[in-house]
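Thanks for coming. I will go through one structure today, and the sequence and model are on the screen.

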Amino acid sequence: MSSQPHIALPWVVRRTGLPLLSLRCVDCPSRSATTGRGRFRVNANGKLLDVWLLVRCVSCDRTSKLTVHERARVRSLDPALLDGYHSNDPALVAATLLDPQFARRLGIALDWQGAWQLDAPPAPLDESWPRHVAVVFEDAVPIRPDRLIAQGLRLSRNEVLRRIKCDISLRRPTSVGFTFIVMTKTATY
Ligand SMILES: [Zn+2]
């Protein structure tokens, strides 16, 4: 075994799709909606524009309109942005949905389950040495560190709580990079 510190590749969290929206359906008991492929509706009224993001109930397909711009002056909007709304630009759909102000203004929460992945380089746990792991977020996906670490190391959540040393709360969702240490099974601390 080398005496050099072991440089491990970081774990990377990536977005794989768009999150669902926790939105109560007015027609059925569902509380979940999807942007699907992503569609805007633009309505011009003289010099004023309304722009909505269309979402569908995941259960009954009912469409709801979420306000993006309300009675905005046409000239106040960047023409490229306006083109994006008209062409249902997927990048603009994502940027609109993931804008924290959008969700906050509408009082909706995003459900990230199934919309992200963890790329953790395979590295068998060497049980004789503590191991340092860095987590980086390629996209701002809020995840509970205990769940992420349990998945990445294939440990139970109880084991994570016992064996992981981390400067941030393991239970509070984060989308900012952090590091943690996996203690050996027999460590006493
Ligand atoms: Zn519904």
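I start at the hairpin of β3 and β4: two residues lie between the strands, and G46 has a positive phi near 65°. This is a predicted model, in which local features need pLDDT of at least 70 and side-chain atom pairs count only at pLDDT 80 or more, while totals for chains, interfaces and linings use all residues. Residues are numbered from 1 along each chain as its sequence is written.

A word on terms. Helices (H or I, at least four residues) and strands (E, at least two) are DSSP runs, numbered from the N terminus. Two strands pair if DSSP finds at least two bridges between them.

Strand β3 covers residues 32-45 and strand β4 covers residues 48-57. They pair in the antiparallel sense over nine bridges, and V42 stands opposite V51 of β4. On β3 there is also an antiparallel pairing with strand β2, residues 20-22, over two bridges. There, L21 has A33 in β3 as its bridge partner.

Which residues touch the most other members of the largest nonpolar core? They are L21, A33, V51, L53 and V55, out of 15 residues in that core. A nonpolar core here is a set of buried Ala, Val, Leu, Ile, Met, Phe, Trp, Tyr and Cys residues joined through C-beta atoms within 7 Å. Buried means 20 or more other C-beta atoms within 10 Å of the residue's own; 12 or fewer is exposed, in between is partly exposed, and C-beta atoms are placed from the backbone. At least two residues of this core come from each of β2, β3, β4, β5 (63-73) and α2 (90-98). The largest share, five residues, is from β4. A second, separate core has 14 residues, among them V13, V133, I149 and L153.

Now some individual positions. Contact means that the C-beta atoms of two residues, placed from the backbone, lie within 7 Å. Not counting residues up to four places away in sequence, L53 touches T35, F40, L66, V68, V93, T96 and L97. T35 is in strand β3 and counts as buried, with 21 C-beta neighbours inside 10 Å. With the same exclusion of residues up to four places away, T35 touches L18, L53, V55, V93 and L97. L97 is in helix α2 and is buried, with 20 other C-beta atoms within 10 Å. Leaving aside neighbours within four places in sequence, L97 is in contact with L18, T35, L53 and F102.

Next, the open sheet. What is the order of its five strands? The order is β7-β1-β8-β10-β9, and the pairing is mixed. β7 and β9 (164-166) stand at the edges with a single partner strand each, so one side of each has no neighbour in the sheet. From one strand to the next the twist averages 25°; axes for such angles are lines fitted to C-alpha atoms, for helices over the stretch in contact, and angles run from 0 to 180 degrees between N-to-C directions.

Going through the pairs, β1 (residues 11-15) and β8 (residues 131-137) run parallel and are joined by three bridges. V12 has V136 of β8 as its bridge partner. With β7 (residues 116-119), β1 pairs in the antiparallel sense over four bridges, and R15 has W116 as its partner in β7. C166 stands opposite F180 in β10.

Finally, the whole chain. It has five helices and ten strands. The radius of gyration is 22 Å, well over the 16 Å that the globule rule gives for 189 residues, so the chain is more spread out than a compact globule. That radius is taken over C-alpha atoms, and the rule is 2.2 Å times the number of residues to the power 0.38. Along its principal axes the C-alpha trace spans about 75 × 40 × 25 Å.

How is the chain divided? Domain 1 is 11-15 + 114-182 and domain 2 is 20-111, with bounds from an automatic or database domain assignment. Taken over C-alpha atoms, the centres of domain 1 and domain 2 are 33 Å apart. Of the 189 residues, 18% count as buried.
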